[in-house]
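I set out these entries to record what I looked up in the structure shown below.

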Amino acid sequence: MAGGLWLASLTLGRFCLSAEDEDVVEISMRSTEDGSIVTFDPIGLLVRPGQRIRWVNDGNNVHTATAYHPKNDNHALRIPAAAVPWDSGYLVNPGDSFEVRLTVEGIYDYYCIPHEMSGMVGRIIVSTSRDYNQASLKPYPDSPGVEEWSPLPDAALRNFPPIPAILERGRIGGSNR
Amino acid sequence: MKKIIAICATLLVLTLPAFAAGPKKMPDASYKKVSELVALPDFLPGMGTLYVNPSTLPVGPFLAYDRKGTLVSTIYMVPLSDMEKHTAFTGLATGSNQVKKVDITFNAGHPGVESPHYHVTLWHVNPESAMVK
């Protein structure tokens with residue numbers, strides 16, 4: 001498939017464990033009960049090409065996992081140019097989930113539609129190497145650079161974990177930064 | 001005379017629960033169930049089932065009904081961006097003129113009001129008695 005993205009179907013409820021499930025990395029979509037604090041956890045993740053990634057709603061709020069891409073409501077391009085964008089749609093119920101498999105190496109920034117302005121963003125690095133100097137890991141500029149693209153809210157820009165930190169630690173929790 | 005007093009006392013006792021429970025009147029046709037307008041569940045823990053007149057978004061009022069169908073609160077959702085612009089919201093309707101308590105709480109956003117905002121909640125019943133869990 002163009003761009004190397006394999007998109008799994010939207011699933012509801014919990015998965016049954018299987019040999020395939022052992023290869024999935026989960027990202028929780030977290031919220032306090034009163035909706036005042038929201039985050040992806042982990043907020044920063046380093047994965048190998050072809051890794052399956054699953055976002056799961058903890059049930060306290062409604063979330064999306066949406067790639068920064070012009071096809072998603074004219075948001076700036078912040079995934080590799082050769083990658084296919086995704087949008088989970090609203091995940092409403094506890095356990096609602098959405099899965100992708102990312103194969104193109106590079107930095108994937110994504111956001112939650114109702115909470116982007118509150119800084120609910122995440123960053124996934126797909127790489128076989130932890131070398132910060134490789135070309136595929138060039139940081140995205142803060143400003144979109146294209147007039148039609150929406151600028152990122154300040155809260156979102158502040159919340160992306162630094163690329164070197166993700167490469168060094170492999171995983172950065174959303175609740176313990 | 002004693003009989004009249006007894007009848008009045010009985011009537012009063014029978015009607016007290018109605019006064020304590022809060023109004024049950026459902027909103028008029030201009031109000032729509034929020035779960036039918038945006039991607040939110042029918043019942044929101046802590047708030048209840050919400051109705052809003054779409055023309056009043058984002059501020060509302062949102063009328064909140066608990067599991068017994070009692071109107072328990074009126075909620076106004078005020079975006080931070082409007083506060084920073086010093087926007088005035090005047091003459092807002094309310095679900096009831098009986099207010100027991102007021103909560104002002106921050107919310108990071110949700111479908112329908114997808115920006116940081118404050119919930120200004122007028123409780124028409126004692127919040128501890130509202131069946132909104």
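In what order do the five strands of the open sheet in chain A run? I read the order as 6-8-9-4-10, with mixed pairing. I took strands as DSSP E runs of at least two residues and helices as H or I runs of at least four, numbered from the N terminus; two strands pair if DSSP finds at least two bridges between them.

I noted the basis of the entries: this is a predicted model, in which local features need pLDDT of at least 70 and side-chain atom pairs count only at pLDDT 80 or more, while totals for chains, interfaces and linings use all residues. Residues are numbered from 1 along each chain as its sequence is written, and chains are lettered from A and ligands numbered from 1 in the order in which they are written.

Strand 6 of chain A pairs with strand 8 (residues 106–111) of chain A in the antiparallel sense over two bridges. Thr66(A) stands opposite Tyr111(A) in that strand 8.

I then listed the elements of chain A: two helices and 10 strands, running β-β-β-β-β-β-β-β-β-α-α-β from the N terminus.

Finally, I turned to the contact between the chains, counting two residues as in contact if their C-beta atoms, placed from the backbone, lie within 7 Å. Chain B gives 14 residues and chain A 15 residues. I also recorded that Phe62(B) touches Val34(B), Leu50(B), Tyr51(B), Val52(B), Ile75(B) and Met77(B), not counting residues up to four places away in sequence.
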